Amino acid sequence: MKDLFNLEGKVALVTGATYGIGFSMALGLAESGARIIFNDINEELVEKGRKAYEEAGINAKGYVCDVTNEEAVKDLITKIENEIGIVDILVNNAGIIKRIPMTEMSVEDFRKVIDVDLNAPFIVSKAVIPGMIKKGHGKIINICSMMSELGRETVSAYAAAKGGLKMLTKNICSEFGDKNIQCNGIGPGYIATPQTAPLREKQADGSRHPFDSFIISKTPAGRWGEPNDLVGPAVFLASDASNFVNGHILYVDGGILAYIGKQP
């Protein structure tokens, strides 16, 4: 059974994994034996990531790369293949969100979210797939979202991108499943990270933030997720344990998508 989840000798590229859920998933992959490669948009963030991995006892290799730039991504994958080896596992984790009402959102902001959250996974997947075909196997994990299934106020661009990423996941499965490449997605629920901390802050009177109360009321688990809640699913989808799982989105949401909510 342990061999099914063993990632020894595997090269894993986790985009944008300098902090947050990407960092946690990368640690889990490393603990299962994978060699971790990560990137971010500038040297400052990459150096921050290097220090975090060092403190965690992980020998990770970081690169500066804008994953929306196809030529930069091609150069990155060439460097990785020359310096470390062919990428066995790709986690398309890098992403952004802009919470702006649709009628107030500029086309430029909409395009930026689509570029990072949808175009970039296409670009990076396209770059690693030839190496995976050559090696005879590969795992691609796209970090989707509950917004791949649901809409909500102020996240039109994000929901459009994540819905598209869900279908890109299914299409990569359809095109390259016969090459022994499995492409699946993870759809996190609401995760307690530094980015969501303002939404969980206690109010001046000691009560919960209204959004915090909303999420707790909609989650059968009765809590926000933790980054570590995504580690097991990531290891599963990166390992031989999921060799016949393809084109699937695994929602790690504490049951939100299964729940209509309590009667008022």
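Notes on a predicted model

Author: Leu-4 is partly exposed, with a relative accessibility of 35%. Keep in mind that this is a predicted model.

Reader: ok, where is Leu-4 found?

Author: Leu-4 lies in the segment before strand S1, which covers 11-15.

Reader: and what is Leu-4 in contact with, leaving aside its neighbours in sequence?

Author: Beyond the residues within four places in sequence, Leu-4 is in contact with Ser-239, Asp-240 and Ala-241.

Reader: how far apart are Leu-4 and Leu-90?

Author: In sequence they are 86 residues apart, and in space 18 Å, C-alpha to C-alpha.

Reader: new topic. is Gln-182 buried or exposed, and why?

Author: Gln-182 is buried, because its relative accessible area is 4% and buried means under 20%. Gln-182 sits in strand S6, residues 181-188.

Reader: what does its side chain reach? I mean Gln-182

Author: The backbone oxygen of Asn-243, at 3.5 Å. Apart from neighbours within four places in sequence, the contacts of Gln-182 include Gly-138, Lys-139, Ile-140 and Ser-242.

Reader: now helices. at what angle do H3 and H4 pack?

Author: About 35 degrees, with the axes 9 Å apart. H3 is residues 70-83 and H4 is residues 107-135. The crossing of H3 past H4 is right-handed.

Reader: which residues meet there, in H3 and H4?

Author: From H3, Glu-70, Val-73, Ile-77 and Glu-81; from H4, Ile-123, Val-124, Lys-126, Ala-127, Val-128 and Gly-131.

Reader: how many of the residues in that contact of H3 with H4 are nonpolar, polar and charged?

Author: The contact of H3 with H4 has 6 nonpolar, 1 polar and 3 charged residues.

Note on methods:
Residues numbered from 1 in each chain as written. Predicted model: local features only at pLDDT ≥ 70, side-chain atom pairs only at ≥ 80, totals over all residues. Heavy atoms only, no water. Helix = DSSP H or I, 4+ residues; strand = E, 2+ residues; numbered from the N terminus. Buried < 20%, exposed > 50% of the residue type's maximum accessible area, 1.4 Å probe, protein only. Polar contact = N/O pair within 3.5 Å; in protein donor to acceptor, adjacent residues only side chain to side chain. Contact = heavy atoms within 4.5 Å. Axes fitted to C-alpha atoms, helices over the stretch in contact; angles between N-to-C directions. Left-handed = near helix turned anticlockwise from the far one by under 90°. Nonpolar A, V, L, I, M, F, W, Y, C, P; charged D, E, K, R; others polar.
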